[in-house]
Amino acid sequence: MCLTVVRAEGFSIDLSVDKNKIQAGDTVVLTVSLHDIDIGADGIDLLLANLSYDTSVFETVTQEDMQTVGQWGGLLYNANKNKLILERQTPSKNNEDFLQIKMHVKKDVQEKQTTIQLVEPQSTNGNSDISGTEGSITLKIQKTGMNVWVVVGIVLVILLAGAGIGYGIYRKKRKEVA
């Protein structure tokens, strides 16, 4: 009888944002984290992935919009292919944030839901390539500006207040004449 032991190595990507209410023209800071790291004794020291987002909602992300966190560095980002690679100074097996990305919402975006993903994450432990679990977050872009009925209400209040002041002046002048 022969027994073969297979070890499944992997990790997960988590995404979070810095604000709950997002409107057209806003900038959202996306924090990217590593979790559930199980890749052997050495840990992760290299990460490759593809950034996926709706270009009708967000302006094009550039490398200047990205900032590594902690001991992560060596960031390279190809905006044409949305591919990124970064490395860690020393391998890690700890859950940690490793990247922040500024996502600029376009000014003319209407209310809608949109998803940002980090797909096809891969790493190495020095001995083999390891695929990770993709991370995604769904955001709701909310309406901007005032509701048209609020504007109508404000205009009516101004007009009625003006009419009331005008009528008061009229009554006062009428008494003076009489």
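## Aromatic pairs and an open sheet

W72 and F98 are both buried. The model in which they lie is a predicted one.

**Aromatic pairs**

How many aromatic pairs does a search of the whole structure find? The search gives two. A pair of aromatic rings is described by the distance of the centres and the angle of the planes.

In the pair of Y53 and F58, the planes stand at 75 degrees, so the pair is edge-to-face; the cut-off for this class is over 60 degrees. Y53 counts as buried because its relative accessibility is 11%, and F58 counts as buried because its value is 1%; buried means under 20%.

The pair of W72 and F98 is tilted. Distant parts of the chain are linked by this pair: W72 belongs to strand β6 (residues 72–78) and F98 to strand β8, with the two residues 26 residues apart.

| Pair | Centre to centre | Angle between planes | Class |
|---|---|---|---|
| Y53 and F58 | 6.4 Å | 75 degrees | edge-to-face |
| W72 and F98 | 5.6 Å | 50 degrees | tilted |

**The sheet**

Strand β8 is also part of an open sheet of four strands, in the order β1-β3-β8-β5, with antiparallel pairing. Which strands are at the edges? They are β1 (10–17) and β5 (66–68), each of which pairs on one side only. On average, neighbouring strands of the sheet are turned by 20 degrees against each other, direction ignored.

Strands of a sheet pair through backbone hydrogen bonds. Between β5 and β8 (residues 96–104), which run antiparallel, there are three bridges. Q67 has Q100 in β8 as its bridge partner.

Technical notes:
Residues numbered from 1 in each chain as written. Predicted model: local features only at pLDDT ≥ 70, side-chain atom pairs only at ≥ 80, totals over all residues. Heavy atoms only, no water. Pairing = 2+ DSSP bridges. Axes fitted to C-alpha atoms, helices over the stretch in contact; angles between N-to-C directions. Phe/Tyr/Trp six-rings, centres within 6.5 Å; stacked < 30°, edge-to-face > 60°. Buried < 20%, exposed > 50% of the residue type's maximum accessible area, 1.4 Å probe, protein only.
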